[in-house]
There are 2 protein chains.
Amino acid sequence: MLSEIRIAGFGGQGVILAAAVVGKAAAIFQGGYATMTQAFGPEARGGSSSAQVILSSEPILYPYVTQPDILVVMSQEAYTRFAPQLKPGGILIAEQELVHIEHMPTGIRFYGVPATRLAEQLGRKMVLNIVMVGFFGAVTNLLDREALRRAVADSVPPAFQELNLRAFDKGFDYGSQLLLKLAENGDGEEALSLESA
Amino acid sequence: MLSEIRIAGFGGQGVILAAAVVGKAAAIFQGGYATMTQAFGPEARGGSSSAQVILSSEPILYPYVTQPDILVVMSQEAYTRFAPQLKPGGILIAEQELVHIEHMPTGIRFYGVPATRLAEQLGRKMVLNIVMVGFFGAVTNLLDREALRRAVADSVPPAFQELNLRAFDKGFDYGSQLLLKLAENGDGEEALSLESA
């Protein structure tokens, strides 16, 4: 079992921390393997930031993601650049107020979350990234909620643990409720396109 | 030209952010290539955190560090585990109040910095990692001061930019003064062993 994930946004949004939390949850708190890579280079100039995470049940020999199964985007530029690389059947997760989805690729499941607004409800916009991690956890169901929570707590300075755990829970709960709503509607595709409108 | 760097400490110290700043300075603000990798796995359980950065003038094909040229440690455990891997002739940089250096390997240059204390002088212990980045910048002279500063500003949320730039400057200035003192003494080795005592 191998999942390739790309998380992308702009500098200062905490893209790398989000990626590290996901990798840590998989490897340290759930007993698998994970690797996180950030390749800096000419393409990264201009304030964008992107990290790649691979989760696996085996040790990972090649850490670069070419076609992600899951793409998490927190900026329009990140969406424009990386959406075409998504694997067919993959999952696209976006901060819905920062990313305007156009030309939705066929066969991709899309989940939008107002992460900035949820973070602002906690009084700290900077936890946007951890709200995204919580939402990612709920809609992908790839990792245990508890493993992700522990990885969050383990990745931030002690003074910020409580704030970040609340941000995680807020994102996770929002995702769970979204999935419930979709299940009730009995038509995921339609509800999702409403979500993204 | 290729430099392999490992930064290690415990979870919550901001090891990954420090590594990302170094990579970003090299690639985005200084026109080279850099890659940052964190491999999570069984060996990472127990609260330790470690990231690998490779700086190069060419694109990087293999992103894993085996024998670092430079090792930056912020915890005793990180020192114990990674010091034996340092390349002969390499540089060891340590938070001198968190790491007690024993059995100093031959042929290694050591630089200690009271980064926690310097961070506390700014009222925020959490910027310890960026103090370390500043100190690293001064003693290795591997990257431009301005490129590193810009990478710091680009890697933290806007509300924390000023604090982190001050932390960077504090670490850099401490490192510059240490080098000056060593040059005046005319005997680096001796002064360094005093520093580390």
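This dialogue walks through a few features of the predicted model shown above.

Trainee: What should I keep in mind about numbering and confidence before I start?

Mentor: Residues are numbered from 1 along each chain as its sequence is written, while chains are lettered from A and ligands numbered from 1 in the order in which they are written. Because this is a predicted model, local features need pLDDT of at least 70 and side-chain atom pairs count only at pLDDT 80 or more, although totals for chains, interfaces and linings use all residues; side-chain values use heavy atoms, with hydrogens and water left out.

Trainee: How many aromatic pairs are found over all chains?

Mentor: Rings of Phe, Tyr and Trp (its six-membered ring) pair if their centres lie within 6.5 Å, and planes under 30 degrees apart count as stacked, over 60 as edge-to-face and the rest as tilted. A search of the whole structure finds seven such pairs. In one of them, the ring centres of Phe168(A) and Phe172(A) are 5.8 Å apart with the planes at 40°, so the pair is tilted. In another, the rings of Tyr62(B) and Tyr64(B) have centres 5.5 Å apart and planes at 75°, so this pair is edge-to-face.

Trainee: Are the residues Tyr62(B) and Tyr64(B) buried or exposed?

Mentor: Buried means under 20% relative accessible area, exposed over 50%, and partly exposed in between (1.4 Å probe, protein chains only). Tyr62(B) is exposed at 53%, whereas Tyr64(B) is buried at 13%. Phe168(A) and Phe172(A) are both buried.

Trainee: Where do Phe168(A) and Phe172(A) lie in chain A?

Mentor: Helices (H or I, at least four residues) and strands (E, at least two) are DSSP runs, numbered from the N terminus. Both phenylalanines belong to helix H6 (residues 161-185) of chain A, where they sit four residues apart, about one turn of the helix.

Trainee: Which residues touch the most other members of the largest nonpolar core?

Mentor: A nonpolar core is a set of buried Ala, Val, Leu, Ile, Met, Phe, Trp, Tyr and Cys residues joined through side-chain atoms within 4.5 Å. The largest has 107 residues, and Ile93(A) and Ile93(B) touch the most other members. With neighbours within four places in sequence left aside, Ile93(A) has contacts (heavy atoms within 4.5 Å) that include Ile70(A), Tyr111(A), Met132(A) and Phe136(A).

Trainee: How should I read the relation between the chains?

Mentor: Two copies of a chain are related by a rotation about an axis and a shift along it. Here chain B can be laid on chain A by a turn of 180° and a shift of 0.0 Å along the axis, with an RMSD of 0.0 Å, and the two copies are thus related as by a two-fold rotation axis. The superposition is by least squares on the C-alpha atoms of residues with pLDDT of at least 70 in both copies. Of the residues of chain B, Thr37(B) comes closest to the rotation axis, at 2.2 Å (C-alpha).
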